[in-house]
2 protein chains.
Amino acid sequence: MKSVITTLLGGTLLAVSLSAAAAQLSPEDQIETRKAGFTYMAWNMGKIKAQVIDESVEYNPEQVSAAANAIAAIANSGMGALFGPGTDQDVGKQVTRADPALFANMNDMAELAGNLGTASDNLVAAAATGDASAVRVAFGEVGKSCKACHDKYRLD
Amino acid sequence: MKSVITTLLGGTLLAVSLSAAAAQLSPEDQIETRKAGFTYMAWNMGKIKAQVIDESVEYNPEQVSAAANAIAAIANSGMGALFGPGTDQDVGKQVTRADPALFANMNDMAELAGNLGTASDNLVAAAATGDASAVRVAFGEVGKSCKACHDKYRLD
C-alpha cells in the first residue's frame, strides 16, 4: 500500500509520513485535521505578530518561544499525510480550500512544506535568544513561506 | 484588562498566556482554536498508538519523535488562553464539549494541563531515545493525563 500511495502521488519527501498515517484517517478526517493544524499555527503566528510586528502586546520571550515551538512542531509533523487521495474536494462536513492543482504537484508542495519547516525551525532558534529583533526577521520568513504556498495552492 | 481577566478566572498559572492572547480572539474563535489543538494532538497520538500499542504500523522513530514534538508543543502552548470568558457554551458555529464546571475550576484545569505538558515532555524524551518500549510507557502516561481532564471536564 505504501508503494502504491507513493507512486500515485509521485512523492518522495512525503513517503515516510504517508506510509504510517494516511490510511488511518478518512478523507474527511484528513481535511479536518490539516485545517486544525493550520488553525493552530495561525493562532500562534498571531501571538508572535502582536508582540514583534504590531507591538500591541508586550514582548514575552517565554510565550514567543512556546508559540514558535508549536508552529515548528506542527510544520514538521508530516502534514503531507493529510493530503491523501480523496481530499482534493469537500467531503462530508469538511470544506477544503486546497486548490486541486496542489494534488497534481505534490513534489512542489512538499518542497514548499519543507521551506516552512526550515523557516519555523529558524524562528524557534531566534525565539530562544530572547531577541525581539531576531524574532521579527525570522517571523517574516515564516510568513513568506506560508504565503508562498497560499498563493499557489489555496483557493480564496 | 490583564488583571481583570486574571481575577475573573482566579488563575495564576494561566495569567501569562491570557495576558497576551485571550483578547485577540473572539469566544467563537477561541473554541475553534482549542478544538483544533485537541484534534491535532489526537492525530499525533493516533500515529504513536498505531506504532507502539496496536503495532499495526512499523515503528518509525523519526515519525514518533515528530508526533511527540507536536503533542508537547501544543500542550505547552498556553491553551488556557482559549478558555476565556464566553467560551463556556456554544457560540456561533462552534459547539463546545467543555463542561461548565471547568470554568469554575480553572486552577484545577491549569494543574491538569500542566500534567499533560510534563507527560508530553517525557514522551518527547522517550521518543528521542528511539526505544519503542520507553515510548510505550511514556505514551501511556500522556494518555492518562488526557483522560484525567476528559473524565472531569469534557461532556459526552
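## Chain A and its interface with chain B

In chain A, 72% of the contacts (heavy atoms within 4.5 Å) with a separation of 6 or more join residues 24 or more positions apart. This is a predicted model, in which local features need pLDDT of at least 70 and side-chain atom pairs count only at pLDDT 80 or more, while totals for chains, interfaces and linings use all residues. Residues are numbered from 1 along each chain as its sequence is written, chains are lettered from A in the order in which they are written, and side-chain values use heavy atoms, without hydrogens and water.

Chain A has seven helices and zero strands (DSSP runs: helices H or I of at least four residues, strands E of at least two). Of its 156 residues, 46% are buried, meaning under 20% relative accessible area with a 1.4 Å probe, protein chains only.

The interface of chain B and chain A brings 32 residues of chain B into contact with 32 residues of chain A. Tyr40(B), Trp43(B) and Ser77(B) lose the most area in chain B, together 26% of what that side buries.

| Area | Value | Carbon and sulfur share |
|---|---|---|
| Accessible surface, chain A (Shrake-Rupley, 1.4 Å probe) | about 7300 Å² | 55% |
| Buried between chain B and chain A (accessible area lost, 1.4 Å probe, summed over both) | about 2300 Å² | 67% |

On the side of chain B that touches chain A, α3(B) gives the largest share, twelve residues.

Key: Buried < 20%, exposed > 50% of the residue type's maximum accessible area, 1.4 Å probe, protein only. Buried area = accessible area lost by both parts, 1.4 Å probe.
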